[in-house]
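Could you go through my notes on this model before we talk? Have the viewer open while you read.

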Amino acid sequence: MITDITAAREAALSEIDAARTPDEIATLSSRLTGKKGALAQLKTRLGSLDSIDEKKAAGAAINEALAAVAEALDARRAELGAEALARRVESERLDLTEFVGKPTRGHAHLVTQALERLEDVFIGLGFQIAEGPEVETDWHNFEALNMGAGHPARGEFDTLFVDHVTPDGKVGTTLLRTHTSPVQIRTMIDQEPPIYIVAPGRVFRRDTPDATHMPVFHQIEGLVIDRDISMADLAGTIEAFTKAFFGPGFTSRLRPSYFPFTEPSAEFDIQRPDGGWIELGGCGMVHPNVLRAGGLDPEAWSGFAFGFGIDRMAKERHGVEDIRDMYTNDIRFLEQFS
Ligand code: 2NL
């Protein structure tokens, strides 16, 4: 009997050793350790043994053999699993450090270059980049920003409006966004504070093109929402941005102003190393009504926001005299800015 047990055990172990896939292990496992397995079948012969001692010895040998088979199955399963994983890791290897190199022909547009540099600087200051639709609802573009129907400030933000029927049968208005602020509104609604984002993108206003205006232009807006954010945090962020983007020789100042979506509001200017001032954009502490529209309790959270035009910055930086030149796609003009 003991010889048969040893033989069954050895046969089982060599089969496990020969298994090549996790599937084979699964099949072997049910066959070798199941009721119909050779070792289980040997158990049915225990009753025919003569003495108690013989039964005890054979029973113990069968149990030991079953334990050894279970252990060998586990070990081989783990071994094959690790091999399969190693193969998969090797075949799906992705070298994220690979440097593809700059394109050998052409270059990004002036405004794209400015936008990408701005994103880099704000990421360096701990901001995340947020994006949203260019076609917006009246609510996200105006209402939520404390500019209800008939608000005089809407006059500055005329754009293309299209009436449409909403799924529930009401007439709604969609429009081409006049600023990227609706992206910030959407972020406040979708994400829990703290929020540290910048929203760069294309915006639209009813304007006749001239040397300093285009009806389609680009803007970057920043939004910070956290506990106990003050005007000092705003001024410090504007100053840190000014130095990081324009250089250590530049500084910034805030001048009192008015926007419906911030209170208090300010214009911010930067000072060149030669002493001259350049108007850059607007900023302020987020108005409590705007926080409420974003689903936030103004008693619990406070924040600041700022915004400025990207096209104007690209124009200043490269000494372009007429902003329209940046959009006529004359290759002789564009080629100068690689
Ligand atoms: C400008 C002025 C500004 C903002 C934009 C903002 C956004 C939210 C709440 C409050 Cl969600 N404010 N944005 C605030 C102040 C000024 O832009 O002259 N842009 C070209």
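Predicted model: local features only at pLDDT ≥ 70, side-chain atom pairs only at ≥ 80, totals over all residues.

1. Residues are numbered from 1 along each chain as its sequence is written, and side-chain values use heavy atoms, with hydrogens and water left out.

2. Take the open three-stranded sheet, with order β2-β4-β3 and antiparallel pairing (strands are DSSP E runs of at least two residues, numbered from the N terminus; two of them pair if DSSP finds at least two bridges between them). β2 (135–137) and β3 (161–165) are at the edges with a single partner strand each, so one side of each has no neighbour in the sheet. On average, neighbouring strands here are turned by 35° against each other, direction ignored (axes are lines fitted to C-alpha atoms).

3. β3 and β4 (residues 171–176) run antiparallel and are joined by five bridges. In one of these strands, β4, Leu175 is the bridge partner of Phe161.

4. Now the largest nonpolar core, which has 37 residues (buried Ala, Val, Leu, Ile, Met, Phe, Trp, Tyr and Cys joined through side-chain atoms within 4.5 Å; buried is under 20% relative accessible area, 1.4 Å probe, protein chains only). Leu118, Phe122 and Met326 are among those with the most contacts inside it. α5 (110–124) and β6 (216–226) are among the elements supplying at least two residues each, and α5 gives the most, with seven (helices are DSSP H or I runs of at least four residues).

5. Look at Met326 too: leaving out residues up to four places away in sequence, Met326 touches residues including His109, Asp311 and Phe333 (contact is heavy atoms within 4.5 Å).

Note on methods. Axes fitted to C-alpha atoms, helices over the stretch in contact; angles between N-to-C directions. Buried < 20%, exposed > 50% of the residue type's maximum accessible area, 1.4 Å probe, protein only.
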